[in-house]
Amino acid sequence: MDDPRDLALLDTSRDELRRRISAALQQFDHLIRTADPKARPRGSDWTVQQITAHVLTVGHRYRDMGRTGNYHRGNTPGEVIAINQADIEAALAPIPELADQLRMLQPEIDRFFDATTDDGRIHRFHCDAFVDGITLQTNWLGEVLLHGSDIARTVKAPWEFPERDWALVLRGGMQIGPAYIRADLPADTHAVVAFTTAGARPYLAEVQGNTAEFRAVQPDDRPDAVLRAPASTLNELFYQRIGPITAARRGLRIVGGRRPWVAMKLMHYFAPA
């Protein structure tokens, strides 16, 4: 039997990811060029202009990985926040310039993805997570989709993508998420939450003290709670864009488990990404 730790949330290919990333970037390009650069999403520290600069600087990290195998990483979630802010301040420019830079960067990023798609979990990420070549790409897709969603919601612009896109983003989150577990959790903290979304394997998050694991569900698992939701809702919940009440309005349902109330605590165990 396959080790549940080796089973990704779903399967994909470079061809699919190239197509979906390209479509997301095209829509993001149109969105940022037409949005008010000074508009600020509710609850965000960044304006549309700063968000655009952030996405560009994430692209720079992929470029640097392709050129040198390295980039400026944060060892803790707090360090990542500080690095993101410093990078934004260094890159800030009028949005048309940022958009042009982002467009020119993509061919080099594509070549990097072409060369790394089949890699296992050998790529070091923030907070000492190790991810595979697919997650490098789904994280890039996620940066565009999540930040594009923040901007679109603020300026009341359309931002519609298939649930499959969001499921791909969620796949990467399963490898990155454990690195964001809060270091100050009590040693007796324990929660097991399973979740299902269309087109993906049933998956499970287990928190024990200040460690976390995400893996495929196995027949002998006894989760505290079982969730079902669209992938878009799970992403916004896991990335702490929304809370449980809004998630319920967007299709989140608790469909089983021994202690279903545990599901409401899960995201409190992780630092914001």
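Reader: What percentage of the 273 residues of the chain count as buried?

Author: 53% of the 273 residues count as buried. Buried means under 20% relative accessible area, exposed means over 50%, and partly exposed is in between, with a 1.4 Å probe and protein chains only. Before we go on, this is a predicted model, where local features need pLDDT of at least 70, side-chain atom pairs count only at pLDDT 80 or more, and totals for chains, interfaces and linings use all residues. Residues are numbered from 1 along each chain as its sequence is written, and side-chain values use heavy atoms, with hydrogens and water left out.

Reader: ok. How many helices and strands does the chain have?

Author: There are eight helices and seven strands. Both are DSSP runs numbered from the N terminus: helices are H or I with at least four residues, strands are E with at least two.

Reader: And why is the chain called as compact as a globular protein of that length?

Author: Because its radius of gyration is 18 Å, close to the 19 Å that the globule rule gives for 273 residues. The radius is taken over C-alpha atoms, and the rule is 2.2 Å times the number of residues to the power 0.38. The C-alpha atoms fill a box of roughly 55 × 40 × 35 Å along the principal axes.

Reader: What share of the contacts join residues at least 24 apart?

Author: 72%, among contacts between residues at least 6 apart in sequence. Contact means heavy atoms within 4.5 Å.

Reader: Now helices. Why is H7 described as largely enclosed?

Author: Because eight of the eight residues of H7, which covers residues 231-238, are buried. Among them are Ala231, Asn235, Glu236 and Phe238.

Reader: What do those buried residues pack against?

Author: They pack against helix H5 (133-155), helix H6 (163-176), strand S3 (190-196) and helix H8 (244-249).

Reader: What comes just after H7?

Author: Glutamine 240, which takes a positive phi of about 60°. Glutamine 240 sits in the loop between H7 and H8 and is partly exposed, with a relative accessible area of 31%.

Reader: How accessible is aspartate 128?

Author: Its relative accessible area is 48%, so aspartate 128 counts as partly exposed.

Reader: Back to H6. Is leucine 168 there buried or exposed?

Author: Leucine 168, in helix H6, is buried at 0% relative accessibility. Leaving out residues up to four places away in sequence, leucine 168 touches Leu10, Thr12, Glu16, Leu17, Arg20, Thr138 and Leu141. Leucine 168 and asparagine 139 are 29 residues apart in sequence, with 8.7 Å between their C-alpha atoms.

Reader: Next, polar side chains. Which side chain does glutamine 106 join in a polar contact?

Author: That of tryptophan 140, at 3.1 Å. A polar contact is a pair of N or O atoms within 3.5 Å; within protein, one must be able to donate a hydrogen and the other to accept it, and residues adjacent in sequence count only if both atoms are side-chain atoms. Glutamine 106 lies in helix H4 (residues 95-116) and is buried, with a relative accessible area of 10%. Not counting residues up to four places away in sequence, glutamine 106 touches Ile21, Leu25 and Trp140.

Reader: Where is aspartate 221?

Author: Aspartate 221 is in the loop between strand S5 (211-216) and strand S6 (225-228). Aspartate 221 is buried, at 15% relative accessible area.

Reader: What does its side chain reach at 2.7 Å?

Author: The backbone nitrogen of glutamine 218. The side chains of aspartate 221 and arginine 215 also make a polar contact, of 2.9 Å.

Reader: Last one: which residues is alanine 263 in contact with?

Author: Leaving aside neighbours within four places in sequence, alanine 263 is in contact with Val193, Ala225, Leu227 and Ile254. Alanine 263 is in the segment after strand S7 (253-256) and counts as buried, at 10% relative accessibility.
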